[in-house]
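Here is my note on the model, point by point. Please keep the structure open while reading.

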Amino acid sequence: MSANSPETAPRPLDTVRLAAWLEGRLPGLRGPLSATRFKGGQSNPTYLLSDAAGARYVLRKQPDGVLLPSAHAVDREYRVLHALGGTDVPVARVHCFCDDPQVVGTPFYVMAFVDGRVLWDPALPGMPVAGRSAIYDEMNRVVAALHRVDVGAAGLADYGRPGAFFERQIARWTRQYQATVEGPGGVDAIPAMERLIEWLPANVPVTPAGRDESCIFHGDLRIDNMIFHPSEPRVLALLDWELSTLGHPLADFAYHALPWRLGAQQFRGMAGADFAALGIPGERAYLDAYCRRVGREPVDPSHWEFYLAYAMFRLAAILQGILKRSHDGTASSAEARETGARARPIAEAAWRQVEAHFPRTAR
């Protein structure tokens, strides 16, 4: 996991029971075992494990409480990390998975600790111009490497359903969003989400008949989900595979590109920055570099705007789920309510984008 500072877990793990389960599964483990929880993130609680010899590992588990359907699937995270271990995609080594809730309360897996830098601000303040350029080139390389993985050779051909990705995913995130606003304890509905739910399925870009672009879809390709070498512009591990599946590469890349469209107050964005002065490529240049790396033609501008609107819609649905969990008391972070409240402005930004680029169909 990352080198960001851990904090004492509000609900400490039973490290005695955990150490007993890990004995034999982590060769060389020496008790007693300590566990501290990492700061940041709203998804699966993540802990730094340390043994008496100073060895460090990372444990990632499902949150406690009632969860939204299909959310927080740590078993899928473990599977994809294990499969990618022999590819060009940098990932942490996984050691073991446990589906017995008696050990730490929910299913979990343990992986190697990766010591490096986590860069939280995509504008990379304080970094030299050449350093920013190198970081963005490396991120672009890693995303392209992920999308070039042969899913069959990696044993992931059944990791998701092929074809009709946008139709299925729009339906999925619609259900997730609706589950947060319906019934007792539901949070307030967002009118812009209701409009997007109607508009998106009717405006999916048409792809050539019989063509399936399915690739490994990470689902949360943010800069802060990558661990960089302590001093080099090199990604050591791509983290947080909770939302991974098989999907459309440009849907994954559009989410990755949201910092160019969103502001810092919306969701770790950098919209409006002077990219040339910073040494960060502009949105289109970054997209074109990715296309060259994966060997595809430049993306049609109207298609790209759809992919970005979809990515904002999906992000808003995820954030609305965090807001609901904060209401229910099951969120994994004290900042969950503030983070979840960003769902509405992001959905509204997505709808404004639709109205600006697709005025006829947005009526």
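**Notes on the predicted model**

1. Confidence. This is a predicted model. The protein chain has a mean pLDDT of 90, and 92% of its residues reach 70 or more. Residues 1-10 are another matter: pLDDT is below 50 there. That stretch still has 33 contacts in the model beyond near neighbours in sequence. Where pLDDT is low, predicted coordinates should not be read in detail.

2. Overall fold. The protein chain has 13 helices and eleven strands. Its radius of gyration is 20 Å, close to the 21 Å that the globule rule gives for 363 residues, so the chain is as compact as a globular protein of that length. Along the principal axes, the C-alpha atoms fill a box of roughly 65 × 50 × 45 Å.

3. Of the 363 residues, 56% count as buried. Among contacts with a separation of 6 or more, 70% join residues 24 or more positions apart. The protein chain exposes about 15700 Å², and carbon and sulfur atoms supply 51% of that area. On charge, there are 39 positive and 40 negative charges, and their mean positions are 1 Å apart.

4. Helix α6. This helix covers residues 191-199, and its buried residues are A192, M193, L196, I197 and W199. What do they pack against? The partners are α5 (165-181), α11 (301-328) and α13 (343-357). As for the spacing, an α-helix has 3.6 residues a turn, so residues three or four places apart point the same way.

5. E138. E138 lies in helix α4 (residues 129-147). Is E138 buried or exposed? At 9% relative accessibility, E138 counts as buried, because the cut-off is under 20%. Leaving out residues up to four places away in sequence, E138 touches F228, P233, R234 and V235. P233 is 95 residues away along the chain, yet the C-alpha atoms of E138 and P233 are separated by 6.7 Å.

6. N225. N225 counts as buried, at 6% relative accessibility. Which residues does N225 touch, not counting those up to four places away in sequence? They are D220, A237, L238, L239 and D240.

7. L262. Another loop residue, L262 sits between α7 (249-256) and α8 (264-267). L262 is buried, with a relative accessible area of 1%. Not counting residues up to four places away in sequence, its contacts are F267, G269, M270, A271, M312, L315 and I346.

8. Backbone points to check. Most residues other than glycine have a negative phi, and most peptide bonds are trans. The bond from G31 to P32 is cis, with omega near 0°. P32 is in the loop between α1 (15-22) and β2 (34-38). L124 is not a glycine, but its phi is positive, about 50°. L124 lies in the loop between β7 (117-118) and α4, and is buried, with a relative accessible area of 3%. R268, also not a glycine, has a positive phi of about 50°. R268 is in the loop between α8 and α9 (275-278). At 28% relative accessibility, R268 counts as partly exposed.

Definitions and conventions: Residues numbered from 1 in each chain as written. Predicted model: local features only at pLDDT ≥ 70, side-chain atom pairs only at ≥ 80, totals over all residues. Heavy atoms only, no water. Helix = DSSP H or I, 4+ residues; strand = E, 2+ residues; numbered from the N terminus. Rg over C-alpha atoms; globule rule 2.2 N^0.38 Å. Buried < 20%, exposed > 50% of the residue type's maximum accessible area, 1.4 Å probe, protein only. Contact = heavy atoms within 4.5 Å. Areas by Shrake-Rupley, 256 points an atom, 1.4 Å probe, with all protein chains shown as cover. Lys, Arg positive; Asp, Glu negative; His and termini not counted. Charge placed at Lys NZ, Arg CZ, Asp CG, Glu CD. pLDDT = per-residue confidence, 0-100.
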